[in-house]
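User: I am new to this structure and would like a short tour. Could we look at it together?
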Amino acid sequence: MEMEQAEQLYRLMFTNMREALVILHLDARTPDKPPLVIEMNPAAVKLCRCKSFNFQNCLVTDCFPGWLDPDRFKDQCHRLAAFGGSQELGEVSREELYYRIRIFALTDNHIGMVISDCTRYREEEAEIADLSAKLEKEAATMERRVAERTSQLEEINEELDSFAFSVSHDLRAPIRAMQAFAEILLDDELQTPAERNAYLVRIKTAAQGMDRLIQDLLAYSRVSRQEITLEPVNLDQVVRDAAQQLELAAGGKAYRLEISSDLPAVIGHPTVLVQVLLNLMTNGIKFVPKGVIPLLRIWSDESQEYCRLYVQDNGIGIAPQHQERIFKIFERLHSMESYPGTGVGLAIVRKAVQRLGGRIGLESKEGEGSRFWIELRRAE
């Protein structure tokens with residue numbers, strides 16, 4: 001290739017490059033002398049800020065003020081001129097654009113400097129970082145859902161184990177009693193009418209106990225699986241309805257009930273909330289020392305977002321080590337003879353409150369009564 005043609009091709013490439021290319025002259029004999037700009041392609045001229053540019057004695061720091069450290073750049077150029085090679089000088093940000101600078105040795109006295117616009121690359125990096133952050137957030141959300149679902153499945157498995165135990169023990173107990181008493185009635189012909197009547201009463205009592213347990217299991221199943229649509233619910237009406245049902249459930253047993261006025265509205269389900277209140281109030285009048293007239297107090301506290309409804313009794317209280325147990329299905333703290341029950345009522349209460357998106361808690365000391373609370377979101 002002839003020299004003239006090679007020169008023409010070089011000029012075409014130099015002129016049409018997208019990257020900015022600057023040719024620097026360096027006096028290798030005087031290390032303290034900074035490199036001078038001797039030529040720029042059009043892309044570099046667009047970036048140049050030197051108004052007196054004449055290709056003869058301009059400094060890089062005059063053409064690109066603030067882009068490079070003058071002393072460090074001078075040393076880097078002299079080192080390349082002496083040993084050859086190339087060096088990346090990093091990125092510079094100007095007017096919301098990003099540029100990457102690289103210098104390389106041409107001759108012992110000449111250095112080339114390439115300035116590449118890497119703004120698009122940085123934008124893509126930012127987009128990738130944004131997508132990564134979103135993915136991490138989605139992954140965290142998914143992980144939390146999996147953990148919640150795992151916890152629910154573990155709770156269901158625990159309930160199934162308890163249910164299997166109940167079927168094999170609690171339900172069979174009254175059946176065995178009825179069978180035993182029936183066999184006595186059939187085998188012993190010398191019984192007096194009073195003895196026969198006593199056995200029949202025991203059979204009836206066992207059947208009633210089994211019926212209560214089955215009814216409680218059905219109630220627990222309903223509250224666990226039924227479709228619940230949340231809506232604003234007036235707690236005043238809920239407490240009044242529960243109080244009316246308590247009169248029937250008490251069976252004529254005396255008790256006192258004090259209800260605070262102006263209870264707020266919450267987000268819930270009226271039927272489910274009546275069931276919750278009725279169970280708590282029924283327990284309140286059941287678990288009291290002998291000779292004590294049950295006293296129930298109901299009131300509420302409100303925060304900006306939630307409402308906490310309290311049901312307090314003057315009963316026998318619950319020791320701290322049992323205050324979590326009592327919300328598990330089939331958990332009973334007392335014998336059937338002292339305080340009859342199925343051990344399902346408070347499990348129904350907790351499951352129902354959870355289905356309403358709320359929380360339930362307990363404050364109690366043995367011999368000093370109990371204070372149950374349920375916390376639900378306030379209605380707007």
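User: Where is Glu183 found?
Analyst: Glu183 lies in helix α6, which covers residues 172-187. Please note that this is a predicted model.

User: Which residues form the negative surface patch?
Analyst: Glu183 takes part in the patch together with Asp187, Asp188, Glu189 and Glu195.

User: Next, helix α7. What span does it reach?
Analyst: Helix α7 (residues 193-225) reaches 48 Å from its first C-alpha to its last, close to the 48 Å expected for its 33 residues. Among its buried residues are Ile203, Met210, Leu217 and Tyr220.

User: Changing topic, how many salt bridges are found in the whole structure?
Analyst: The search finds 18 salt bridges. One of these joins the side chains of Glu124 and Arg120, at 3.4 Å from N to O.

User: How are Glu124 and Arg120 placed in helix α5?
Analyst: Glu124 and Arg120 are four residues apart in helix α5 (residues 119-168), so about one helical turn separates them. Glu124 is partly exposed at 34% relative accessibility, and Arg120 is partly exposed at 48%.

User: Which residue forms a salt bridge with Arg297?
Analyst: Glu258 does, with the closest N and O atoms 3.6 Å apart. This pair links distant parts of the chain, Glu258 in strand β8 and Arg297 in strand β10, 39 residues apart. Glu258 also forms a salt bridge with Arg256, at 3.2 Å between the closest N and O atoms.

User: Which residues are linked in a network of salt bridges?
Analyst: Glu91, Arg100, Arg122 and Glu125 are linked in such a network.

Note on methods: Residues numbered from 1 in each chain as written. Predicted model: local features only at pLDDT ≥ 70, side-chain atom pairs only at ≥ 80, totals over all residues. Heavy atoms only, no water. Patch = residues over 30% accessible without salt bridge, like charges linked within 9 Å, V, L, I, M, F, W, Y side chains within 5 Å. Areas by Shrake-Rupley, 256 points an atom, 1.4 Å probe, with all protein chains shown as cover. Salt bridge = Lys/Arg side-chain N within 4 Å of Asp/Glu carboxyl O. Lys, Arg positive; Asp, Glu negative; His and termini not counted. Charge placed at Lys NZ, Arg CZ, Asp CG, Glu CD. Helix = DSSP H or I, 4+ residues; strand = E, 2+ residues; numbered from the N terminus. Expected span 1.5 Å × (residues − 1). Buried < 20%, exposed > 50% of the residue type's maximum accessible area, 1.4 Å probe, protein only.
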